[in-house]
Amino acid sequence: MASFIVLVIFLILAITAPWISPMNPYDSHNIDIMNSEIPPMWMEGGSPEFILGTDNMGRDMLSTMFYGLRTSIIIGIGAVSLQAFIGIVLGLSAGYMGGKTDAILMRIADIQFSFPYLMVAIFIGAVFQLLFGVGSYERLAIPLLTLIIGLSNWPMFARTIRASVMGEKNKEYVEAARVIGLPRFTIMFRHVLPNSLTSVMVIFTIQVASAIQSEAALSFLGLGMPVTRPSLGSLIRAGQEYIFSGSWWITIFPGLWLVVFVLVINLLGDWLRDVLNPKLYKG
Amino acid sequence: MNTEQPLVSINNVVKHFDISGGLLDQFSFKGGKLRREKTTVKAVNDVSLFVNKGETLSVVGESGCGKSTLARVIMGLYPPNSGQVLYEGQRIDNLSHNQWLPFRKKMQMIFQDPYASLNPRKTVRQTLEEPLRFHNPSMTSAEAADKIAEVMEQVGVDPVWITRYPHEFSGGQRQRISIARGLILDPQFIVADEPVSALDVSIQAQILNLLMELAQKRDLTYLFITHDLSVVNHISDRVAVLYLGTLCELASTHDLFYEPRHPYTRALFSAIPKVGEKRAKHIKLKGEVPTPVHLPTGCVFHGRCVYANERCVREVPALVKLSNGGFVACHGVEENRPMA
Amino acid sequence: MKKLVLLALSLFLVISFTVSAGAKTLKVGLDADPVSLDPQVQLSGGMLQLSHWVFDPLVRWTQEMTFEPRLATKWERLDELTMRFTLRQGVKFHSGNTFTAKDVKWSFDRMRTSVDFKGLLDPFEGCTIVDDYTIDVKTKKPYALLLNMATYFFAMDSEFYTGTDANGQPKDAVLKIGESFALNNESGTGPFRATKRELGVVLEMERFTDYWDTKSPGNVTKIILTPIKENATRVAALLSGDVDFISPVPPQDFSRVDSDDKVKLVNISGGRIITFQMNQKRVEAFKDVRVRQAIVHAVNNTGIVQQIMKGTATVAAQQGPRGYAGYKESLTPRYDLAKAKMLMKEAGFEKGFEITMMAPNDRYVNDAKIAEAVAQMLGKINIKVHLKTMPKAQYWNEFDARAADMMMIGWHSDTEDSGNFSEFLMMCENKETGYGQYNSGYCNPKIDELTVAAQSETNLEKRAAMLQEIEQILYDDAAFVPLHWQNHSYGAKKNIQVKPIINVMNFPYFGDLVVE
Amino acid sequence: MFAFIIRRIIQAVVVMMVISLVGFSIKSKIGDPVRDLVGERVTPEERAQIADKMGLNDPFLIQYTRFVKQALKGDLGRSFIYNKPALEVIVRHAPATLELLIGTALIIIFVSLPLGIQSALQPRSLLSRFTMSFSTLGVSMPVFLTAILLIYLFAVNLQILPSYGRGETVDLFGNGYWKTGFLTHDGRMHLILPCLSLSSIMLPLFIRLIRSEMMEVLETEYIKYAWAKGLSPARIWMVHAFKNTLLPVITVFGVQMGITFAFTILTELVFQWQGMGFIFLEAVERSDISLLIAYLVVVAGVFVLVNTVVDIIYGFINPTIRIAGTR
Amino acid sequence: MTHLLEVRDLEVKFALRSGDITAIDGVSFTLNQGERLGIVGESGAGKSVTGFSIINLISKPGFISKGSIHFEGKCISDYTGSQMRKIRGNRIAMIFQDPMMTLNPVFTIGFQMIETLQAHRNISKADARAIALEKLRKVQIPSPEERLDQYPHELSGGMRQRIIIAISLLADPAIIIADEPTTALDVTIQAEIMDLLQELCETENMALILITHDLGVVSQVTEKIAVMYAGKIIEFGPTDKVVHTPVHPYTIGLIGSIPGATVPGEELRQIPGMMPTLSNIPEGCAFNPRCELCEPICTQKTPELEEKQNGILAACHMK
């Protein structure tokens, strides 16, 4: 339960980032290169103006982390919603209709699944990055990353939903609905789907955590958010170069921030799994 | 045979399930040659029977004999591979989804597992309202509420529980709700697929009593699927015995219980444990039950039948009408072989 | 199993023995390893570094930017077009062949066939062998930088590279793609022989026992060069003692490397200028000199040098660094935000405008960070910048297409001369002459005129004046945004005498390296 | 079995075709490899000539058919970075990645099995609780962060482990294709940190998986029956429960090693490990399209192969399933 | 004479978060050598828990909270884990309900038989195999040699139950506890298995505890019957007497509910309501809310099991 409260706090921080951050790290008027790499305020050379210090561009770490969290959350939730949407539609169709539909959809999922999703993401990411011009990339980065991570990991959902639907569709209440004469889509969406959603709930949280990590990984590889609108991942990437130089806070703070955030989501997922369906997620 | 037209009749129904998977799975190497083989479960093989209006016909058989499949073929849940299903003389097995709808109101089904047959996410009201509203779009919610209350009353579930979810009920109560759903459209014909086998004995009696009571009140016709022969004896007018998807014997309950003809039926009935009787020597069967994937040739029972001869291995016995009005498919009975 | 263990054990012993025997082994970690053993296949810093280790030029630069005789012991100008080089005697190639004038001529002629070097050799007529140890080099026009160019004349073993290889291909082929003899085999006169090479993994070189320069103090017997691309890992490798020498040291780690008691940091200012070009063809506003001035004034290049480059670059206000002929003392950095805002206002752009910007992210030291900082700085005068950084493989295509309004370009004069900057960066773009190949959007005929004139001006003083005038015009015109000259940085263990062997060109002369 | 293998082969071919097609269609967008080959002085015309020679200017279909034709002969094009056939480059770098994976797999097996089983048998013990909370933390930690911190701690601060590269390797077959780090002390030392950081992602998952599978198995009737037969706890846990636990774990292991393979890209970048992931990034960054496509094609093939092998192994271990795909 | 098995005042509780609930409340019975006892009851009556508590294998969080179990004169309810292991599968064998789930799917029949023997006897594999074969023959399994190398999934349900019986016989136990051994099987198979069990008990002089909900099965095989309701034995006596002249209203109702015992078509005698859940057992006689004979005393005082007529013990205030 504690994890849930922490998660809510994180979400509030992310939503209200523009109002609670000491400064807007995207506004160049606030940034002065001469303020770069100021340590946290409790260290020597720190300044109360920048509680957690500044990064290599002179942005306030605390504000950057709030904004970065926001970006990470938007991408994470957006991507997983996309995954869930594709996964549910395809998984439900495959599971309920069976036969050829099932064979074709699941073969596609299999093929994509046989590739590690991170690699698919890297591949799609590299393609997208190249297909769009310079001016638009910064604006398109968030939707693009959402799309990339969403597209690269939908089979997880499709499979879970399908397995769950396959279990549900042979239950007698579905046959009862058929005996009543309800149309197929009504049965699929009104009877089968609601009963398959528990499994989705559980993997949803876990997938959000993994999507945020994927985004971080992509950003780390330079295929993610541009440096000017950093996510937590690109912050860590940017800061990683400074770890030996003594400016550890540039990477450690966003790193901790990310770890704590993902940890909280994972704990929530564990809790959900224990409550909803202990046998789920065998892989 | 009854001169009246039967309410439901099925003629030569065959239902096979293809379980061989994708095209590539069907190929295999046998004797150095590439062959394509389909694996099919032969669930129902050429079964014909009829149900008269107002009677209860039980279909009995051991697990895997195809009785549930037969029920689902009748209800149009599975299309038969061949053969016909007739309702009041009208063919229904080849209808489209929409053409089926009028028959849905007349034919309903009750299921075995009270835990799985109700949608766990719908309240009693939603469960009962859905068929009602679907088939009577013009019905007002007040009318629907009245109807639901009436039916709940009839099956013995207090209508105040209408907003509860299935998990708040016991197994017996659920089965009553399940029956209510079957009745809500005022059907004439009900297929009951093992409605009491998942229940405890004392509850089982309650439900059987309810079903019999309803049959009388509402003039229902039942097709009763079960493996429990004591239940069969109690509830049914006539009994059809299935073995490996084939009809062995069809007779009135009394005849069947006191004078079973088919060797399988005899063995089956001799095996029923009866309370208070010391173990009478039951008829022992030899061998193992074959799978419905690899059906034996000839009479499907020949491998386990002590009276089987070479003809039984070769030739499929036809269903023969007996003097007492029953039917039996057995060369031995036909030939009047001595059977102890 | 037992056998396997024994095998492993003996292998381990053998390896540890050989390692301990080569006491003066230098483990070097660079950001990239040379792509080939053929010194003429590609004109790049990395290849030239290799050339100085495995081959020898006629002359080479010293730290003080003077010429030091290597294979040439003497040189004299015969006339305006010709220079006569006297060659060193008793020099042996790694193959054992003796070095003579024919090798110089052969190498020169081969160099002409190389796409990369062709342009560099354009002013040359050719070489004539006078005798075995004397050779004349002739230019087409009077050429002030002939000696500068002689630093590129590395001698290859003409005999060794003659004939056909196992694949039936001529051994002297200069091939960009595909296997060539010179790709994997070398015979130069340099201090080291390449003994093992696995591209991207390792390059091992051993000291050439017959090396002619017996006076060299160098005592490194073996060099193991591994490419370590990742900055942090490279530093970590040095700090953890896995390698003895790294380059470059990322600026953010200068203080860490410097403060460590086992290793030290050595810096030398380099000649590579980092600039942004403003494309006047794409942005109308850039045509206004006040806007360009405003941009130059808004960019705090001193701050960039201090904070991003950690003080290890030289703030620039012109193209050529100090020591170059065109360097003009009076041109100083001019960061002044207030003035920048005023200029924008004067030009009628108080509200600013939006532009696109591109920069590579793996080409220059901290290139992406610098671009980001500049983008932020321009934001303060209300120029909203859409920045995209990318690997150089993509960047050059974008640069060719002049795909953004402001583009980053760094330039190191391969002739170590001011004129070279203008030829490539500031002259009006001309597809036929190839001038202005890396100029994205500034054109001033006056600059063209002066630059071309300076090329054939052999009076060095006059020439310097011309070059300085160019710098002044560019300065006044705010033709580009000067940032800084990159320093070369090296991190090494304390016992390695790095200082004497480095130079502005970033050619560490390992042959002369002393390990205590 | 036969059908199964045929299907997998067809699957592999389809995947490879699709991948290479996509690769080719974006080829021109990925960047110009010629720029990387030449110095900055080289004129555009000369670059165009080189591109011509490399066949980069041919129409898409011609290039693609040429590629497919060559690919059928086993030639996946030529990497310009390494100036070698792309396939050879990949094959030469494969052992490095493979050893990384082997090391990781060893760590996972030897750590997750005891810990997972222990925490299943004694879910309330202190060690189990510690394992579980630590593993939750482990899944939440991005692998690159783990890697950096490991380097910082063990290489830079403590200076007990090397920070990058493969160290001393031994040429296993004497032909330069398989250089192993397992046979030298130095090589093994170099393996430790990358394998550790790589296993950090999968370790928590496996501990949890083994734990939950084991707990599930312990609840089954046949385990209860084993108790009723009077077998010793050791035998019940280590023979009866263990083998049944292992079955699902093996399939997941197959899939997860695939994912781990993807993560080698990150690890190899941080540790400058000269494996396939490293050259993949290099290929992306430097637009070595041939290498890129070859990489993807090889990886596709390897994946299908590995999955097939895992399924076959599974079929051997699990008597109830003769081979996946046939019911 | 000491009994082979004597269960005295057994109480089993389940430790739940909401507190302990009592699953078995003061169950006592005895079993002599070669005797066959049936424990009958509906689901939730506590019959399986009784069976498992004899070999101390109650699934968590259940535990024996009171009472004693004596086997061959020794109090085995105090035994440690390793002492108990020498009893299980050796002196007391168990047969489980679902033969599909009871055998470990990943080991061959032979493996699972041999390991059982080796757990209790210090014998070689070959000897163990020979004994296994002998037992397989004893349960009339066709071609037993082949079976040893087969996996459970290759056999039908009836065959598997025979194998489980064979495993039970391996160590020549004194008691076999069969927990619903035929519920999952078809009628014809059920009859064969019951025949087999009865036959074996007679020839080997083994005692049998048959736990089932099916009065028909019990009445054919056993000599004594214990009827359980809500964790208690409410009627205990010789099989003949209990099925023909039951005393307790519940037993009467139960027998009346069986369709075969009533005239076809007639309304079945039914017990209203249902068995209480363990967490809310009514005060007094647990059966009182469903009982036709219920009097005030039934809701206040728990009736004791006492002798009523011709050797039947029953727990009822009214009879």
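How many residue pairs are in polar contact between chain A and chain B, counting pairs with both at pLDDT 80 or more?

Author: Keep in mind that this is a predicted model. For chain A and chain B, the count is 13 residue pairs in polar contact, both residues being at pLDDT 80 or more. Sorted by class, the side of chain A that touches chain B comes out as 7 nonpolar, 4 polar and 5 charged residues.

Let's stay with this interface a bit longer. It draws 16 residues from chain A and 25 residues from chain B. Together the two chains bury about 1,900 Å², and carbon and sulfur atoms give 54% of that. As for charge pairing, the rule finds 1 salt bridge across the interface of chain A and chain B. Its partners are E175(A) and R72(B), with their closest N and O atoms 2.5 Å apart.

Now for the contact between chains C and D. Of the 7 pairs of chains that touch, C and D have the most contacts. Here 48 residues come from chain D and 53 residues from chain C. The two bury about 4,500 Å² between them, with 52% of it on carbon and sulfur atoms. On the chain D side, the residues that lose the most area to chain C are E40(D), R41(D) and Y164(D), which together account for 20% of what that side buries.

Across the interface of chain D and chain C, the rule finds 3 salt bridges. One of them has the side chains of R47(D) and D400(C) meeting at 2.7 Å, N to O. Polar contacts across the interface of chain D and chain C come to 5 residue pairs, again with both at pLDDT 80 or more. Several helices of chain D take part: α3 (33-37), α4 (44-53), α8 (143-157), α11 (233-271) and α12 (276-285) each supply at least two residues of the side that touches chain C. The one that gives the most is α4(D), with 5 residues. By class, the chain D side facing chain C holds 20 nonpolar, 13 polar and 15 charged residues.

Not every pair of chains meets, though. Chain B and chain C have no contact, and their closest C-alpha atoms lie 40 Å apart. Chain C and chain E don't touch either, with 31 Å between their nearest C-alpha atoms.

Chain C is also worth a look on its own. About 710 Å² is buried between domain 1 of chain C and domain 3 of chain C, and carbon and sulfur atoms give 63% of it. For that pair of domains, the count is 0 salt bridges, and the rule finds 0 residue pairs in polar contact with both at pLDDT 80 or more.

A search of the whole structure turns up 1 disulfide over all chains. It joins C428(C) to C443(C), with the sulfurs 1.9 Å apart. The torsion about the S-S bond of C428(C) and C443(C) is about 95°, so this disulfide is right-handed. Both C428(C) and C443(C) lie in the loop between α14 (418-426) and α15 (445-455) of chain C, so the pair ties together parts that are 15 residues apart in sequence.

Terms used:
Residues numbered from 1 in each chain as written. Chains lettered and ligands numbered in written order. Predicted model: local features only at pLDDT ≥ 70, side-chain atom pairs only at ≥ 80, totals over all residues. Heavy atoms only, no water. Contact = heavy atoms within 4.5 Å. Buried area = accessible area lost by both parts, 1.4 Å probe. Salt bridge = Lys/Arg side-chain N within 4 Å of Asp/Glu carboxyl O. Polar contact = N/O pair within 3.5 Å; in protein donor to acceptor, adjacent residues only side chain to side chain. Helix = DSSP H or I, 4+ residues; strand = E, 2+ residues; numbered from the N terminus. Nonpolar A, V, L, I, M, F, W, Y, C, P; charged D, E, K, R; others polar. Disulfide = S-S within 2.5 Å.
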